[in-house]
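Visitor: I'm new to this one. Could you walk me through how to read it?

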Amino acid sequence: MLRYFGSFKNRIIPIFATMIKTIIRLLFVCAALILAGNAYGQEVQIELGPDEIGLNETFTIKVTLSDDKIKSYDQFPEIPGFQKQGISQSSSMNIINGRMSSSNSIIQYYKPSRKGQFTLGNFSILINGESYASAGKRITVTDAVSSQASGGDVFDPFADFFGRNAEEPEYIELEDDAFFSVSVDKDEVFAGEGFTVNIAFYMSEQNQAPFQFYEPGRQLDAILKRIKPGNAWEENFNITNIEPQVVDLNGKRWQKFKVYEATFFPFSEGKIEIPRVPWEMIKYRVAKNPTFFGANRQEDFKTFYSSAKTITVKPLPPHPLKNEVSVGVYQLRENISTLEVETGKGFNYNFGINGVGNINSIAEPKRLPGPNLNTYDPNVRQQINRGYGRVSGIKEYNYFVTLNEAGEYNLKDYFNWIYFDPVRAVYDTLRPEAKIIVSGESKVNQALSAQRLGGLYDRISTENNQFSNEKYKYYFTTAINLLLLGAVILLSVLIIRKK
């Protein structure tokens, strides 16, 4: 038995050892393949332009990444005597013997500013978070060269048509006639008076430079965080689409692209500062010699800046209701169901406040004390209109009114509404003009009986109206006093015994 076990042991151990060695080798091979794949996928080449160029030519730095996408890259170096002219990107894919490979490139263009010899020193650039270095080179800029092909070149009659004459077209920047603006319609307002903020990009009708909006939503959010006043009520005009609008400014026609508009109603006096803010646009550089099928423009960016603004908020003039009144230009629009009514019968009266201002802040009209007229809490309805650079609307208070005595009633004796007019800089009062004619017998007593007084008055009809006998009251008081005296004596006895 032991002999067979020893023989089995001698055979099985080498097998296990061989398997372990094989597994270890496979792991090493896989790791090597993975590392090789990563190294292959991260292969980066930096190609520099020619040693000598003409004054009318461009120098390039080209970065190519194989089998991977360029997700991020650092700024390209500056070259003395050259100006950066923009960046272009390209990609290609090849299939050789069934194996697919791809490359992605970024090309930075440089335009020489003068003739001479210039040095591009050693530099490094970050591609997808990894740094790659280049030794640089010396560049000679000569006189402008002719664009005509040399006599030894093969003439291609379709080269111009298909845009194959130049590998890298030369792009130029066109002068633009455009500006960015954050404007306000008023530089000075009263507390509670509205001023409108307008944010827009303007291009004249003679502008030739091609523009495109660049992430307007993100840029607008950043701007609003800086310019919105904190101590003010905002009425946003809710612009959802950027549409061109033709306007005249200083005798010149412009296309206005409005991105934001709102009216602000400051709560208190002081100064509101709107800082200078940037706005970035995509501005395309165009090919100097455009072709039919070639890339005739190159994406670039330009940042515009608005001007700073200051709005002075003045306090309202002295008045007992200075901190309570609404500010705006308002009119009264009243509506009544009938002008003739019988006593005790109700009618509907609508007190509508219509005009330009902060409609949300309009308070209920003041109900003046007066006899024979009864009202209930009003139903409220409001409508706000935002357009043409202002906030307007109407707020209506609908009352149900009853009159209990015959006669003529001027509703101005029962209702009014005080406000401040910023245009005239005065306090004013809206008063009803309606006059009600009431006929019929008096309903004053009926109105009083209809009211539930509660408490003692509710028990009058059910309680006994006979006087109570006073002698029972005397007996009851005596009994209470005796009980109290007994309690005191008992408490004294208990205290003495305890001691």
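Visitor: Which residues line the largest cavity?

Guide: A cavity is a set of points on a 1 Å grid over the protein atoms alone where a 1.4 Å probe fits but cannot get out, and lining residues have an atom within 4 Å of a point. Here the lining is Thr58, Gln85, Tyr109, Pro169, Glu170, Tyr171, Arg285 and Gln298. Bear in mind that this is a predicted model, where local features need pLDDT of at least 70, side-chain atom pairs count only at pLDDT 80 or more, and totals for chains, interfaces and linings use all residues. Residues are numbered from 1 along each chain as its sequence is written, and side-chain values use heavy atoms, with hydrogens and water left out.

Visitor: How much space lies in the largest cavity?

Guide: About 40 Å³. A search of the whole structure turns up one cavity of 30 Å³ or more.

Visitor: Now helices. Which residues of H3 are buried?

Guide: Buried means under 20% relative accessible area, with a 1.4 Å probe and protein chains only. In H3 those are Gln219, Leu220, Ile223, Leu224 and Ile227.

Visitor: Why do they line one face of the helix?

Guide: An α-helix has 3.6 residues a turn, so residues three or four places apart point the same way. Seen down the axis of H3, the buried residues fall within an arc of 135°, so they line one face.

Visitor: And what covers the buried residues of H3?

Guide: Look for contact, meaning heavy atoms within 4.5 Å. The cover includes strands E11 (178–184), E13 (195–204), E17 (252–266), E18 (270–274) and E19 (278–287).

Note on methods: Buried means under 20% relative accessible area, exposed over 50%, partly exposed in between (1.4 Å probe, protein chains only). Helices (H or I, at least four residues) and strands (E, at least two) are DSSP runs, numbered from the N terminus. The arc is that of the directions from the helix axis to the C-beta atoms. On a 1 Å grid over the protein atoms alone, a cavity is a set of points where a 1.4 Å probe fits but cannot get out, and a pocket is an open set with protein on both sides within 12 Å along at least five of seven lines; lining residues have an atom within 4 Å of a point. Grid points are joined across faces, edges and corners, and a volume is the space filled by probe spheres set on the points.
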